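This report covers side-chain contacts: aromatic rings and charged groups. The sequence and the model come first.

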Amino acid sequence: RLNGGYVNLFIDEQGNTNLDIFPPSEPDTLETNSEFTYAIDLTMLNFNDIDLNYTDLSQGMYANIEGLDMTGKGKLKDEILAGNMDVSLNHIDYRQVTDSISLAVKLDKLKAEGAAEMIGNDVKADIDLASSVLFYESEGQTAEINSLSLKFKGDINNYDKVNGNIQCDVNDLSFVMDDETLVNKADIRFISPLNATLSSMDVEFGNSQFALNNIFIDFVGTASMPNDDINLNLNIKTNTLIIKELIELIPASMREELLAGIDADGELQLSTEVKGTYNENSMPKVNAQIHFNKGRLAMPEMLPYPITNLNTSIKAEIDLNNKSNIYLNSFNASMANSSLSLSGTIKDVMDKMYCDINLNANADLDELQSFMPEGITAKGKISLNGNAKVNNHQLTTMDFMKAKVNGEMQWNNMNVVYYDTINVKSDKLNVTLNLPNTASEELTNSLAALNISGANFDAQVSDMIAASLKDYNIKA
């Protein structure tokens with residue numbers, strides 16, 4: 001038992017220490033018994049309120065420890081060591097200054113407690129480590145943590161295989177680099193039952209979770225790093241993520257640059273399976289389910305009205321080693337009285353792009369005037385339904401003879417003015433398009449079938465030409 005005390009450890013620039021107080025040992029000439037056994041039974045170890053100062057001029061290291069308390073007990077017999085210990089420190093101040101490095105670490109209220117048993121190279125441990133304040137500073141970088149907690153319970157075999165449960169909690173983490181706050185009071189948690197082989201970097205995760213503020217990422221699976229490869233087999237799922245909260249994680253300067261004049265919100269949920277090898281020549285396969293709901297996007301400089309009711313459900317099969325497919329289960333968006341809905345598939349999305357897309361849209365042209373080309377004013381309400389089956393080659397070469405497009409458009413109360421000289425009106429305009437046209441006796445190889453019909457069509461070019469149709473049906 002030791003109550004109160006001060007320990008001063010000093011190493012000069014040549015590496016000499018004030019601990020060298022014992023004479024060199026003489027060679028042991030006595031015969032030793034290789035079968036010698038020994039045992040130690042420590043019923044109590046107690047240090048109370050010890051201060052320690054450490055100076056190492058050869059390494060530019062300075063440390064000051066205040067208020068060291070330690071209690072423990074244990075047993076040692078042959079290769080078996082077992083015991084428990086409770087250690088606490090009021091304050092640690094550490095600095096290192098050399099030609100190549102300058103850093104400072106401050107830590108308050110450090111506490112470690114637990115029990116361990118070691119048999120040879122095998123360890124069984126149940127340890128808790130906690131600190132109230134941790135501060136780090138080095139060459140334009142500062143980090144601060146309000147509290148830190150680390151827990152481990154499990155086995156370590158041959159100093160290589162780890163099997164147990166680990167939990168780490170970090171509260172109010174802030175990180176500043178070059179006077180810019182990159183992380184501001186973030187809460188982090190990592191929980192995992194794991195089975196790891198350190199020598200081969202092979203880890204099996206049980207039902208685990210990584211959390212950053214209100215972001216919760218659940219995962220289970222395996223990861224390994226043999227040689228230069230990274231092998232992954234992981235299932236990953238998030239909770240419902242709030243877009244505004246994700247945006248707040250972006251550093252302020254980057255956020256102001258990338259998202260200036262943009263107001264976005266919504267709810268995002270991801271579910272992903274990652275399987276395969278990552279190296280210079282290969283990427284793992286990713287199968288993802290993406291759900292986005294309650295979306296809103298306002299861009300006043302580009303859009304006259306905010307986009308609302310933005311919802312989508314997407315399944316993505318990403319295989320950069322072969323072919324990738326996108327399945328658009330649904331996409332819906334509204335802007336004032338206009339709306340858009342899409343669904344369909346894009347197969348081999350990185351190359352051939354075989355598209356099969358369904359579209360349904362309703363547009364109030366009074367609200368979309370800012371998108372019209374200069375000199376054109378258009379009014380009325382348009383309803384559009386269509387399907388397109390095209391691929392990348394057909395789009396880039398304009399080879400529409402092999403594309404398939406079917407659609408219908410209805411335009412009510414149409415009124416179009418071009419530079420105040422041409423005016424076209426119609427109570428109702430219907431347009432049907434089929435591409436390519438179905439072969440018939442009259443047309444065996446036509447590009448498209450077009451049907452235009454409606455009522456009360458009026459056209460006027462200044463005061464020179466005027467034309468009217470009461471009921472019309474035009475096929476081409």
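## A lysine over a ring

K315 lies over the face of Y327, at 5.7 Å from the ring centre. The structure is a predicted model.

K315 also takes part in a salt bridge: its partner is E317, with 3.6 Å between the closest N and O atoms. K315 is partly exposed, at a relative accessible area of 32%, and E317 counts as partly exposed at 22%.

## Aromatic pairs

There are four aromatic pairs in the structure. In one of them, F190 and F219 are stacked, with 6.3 Å from centre to centre and 25 degrees between the planes. The two residues come from distant parts of the chain, 29 residues apart: F190 belongs to strand β11 (residues 180-197) and F219 to strand β13 (residues 215-224). F190 is partly exposed, with a relative accessible area of 23%, whereas F219 counts as buried at 14%.

For F457 and Y472, the ring centres are 5.6 Å apart and the planes stand at 75 degrees, so this pair is edge-to-face. Here the link runs between F457 in strand β25 (residues 449-461) and Y472 in strand β26 (residues 465-475), distant parts of the chain that are 15 residues apart. F457 counts as partly exposed because its relative accessibility is 21%, and the cut-off for buried is under 20%. Y472 is buried, with a relative accessible area of 8%.

F190 and F219 are also members of a cluster, in which ring pairs link them with F205.

## Salt bridges

The whole structure holds eight salt bridges. One of them joins R189 and D169, whose closest N and O atoms are 2.4 Å apart. This pair connects distant parts of the chain, R189 in strand β11 and D169 in strand β10 (residues 161-177), 20 residues apart. R189 is partly exposed, with a relative accessible area of 34%, while D169 counts as buried at 11% relative accessibility.

Another salt bridge is formed by the side chains of D263 and R296, at 3.3 Å from N to O. The two residues are 33 apart in distant parts of the chain, with D263 in strand β16 (residues 263-278) and R296 in strand β17 (residues 285-298). D263 counts as partly exposed at 33% relative accessibility, and R296 counts as partly exposed at 34%.

Notes: Residues are numbered from 1 along each chain as its sequence is written. This is a predicted model: local features need pLDDT of at least 70, side-chain atom pairs count only at pLDDT 80 or more; totals for chains, interfaces and linings use all residues. Side-chain values use heavy atoms; hydrogens and water are left out. Rings of Phe, Tyr and Trp (its six-membered ring) pair if their centres lie within 6.5 Å; planes under 30 degrees apart count as stacked, over 60 as edge-to-face and the rest as tilted. Helices (H or I, at least four residues) and strands (E, at least two) are DSSP runs, numbered from the N terminus. Buried means under 20% relative accessible area, exposed over 50%, partly exposed in between (1.4 Å probe, protein chains only). A charge sits over a ring if NZ of Lys or CZ of Arg is within 6 Å of the ring centre and within 35 degrees of the ring normal. A salt bridge is a side-chain nitrogen of Lys or Arg within 4 Å of a carboxyl oxygen of Asp or Glu.
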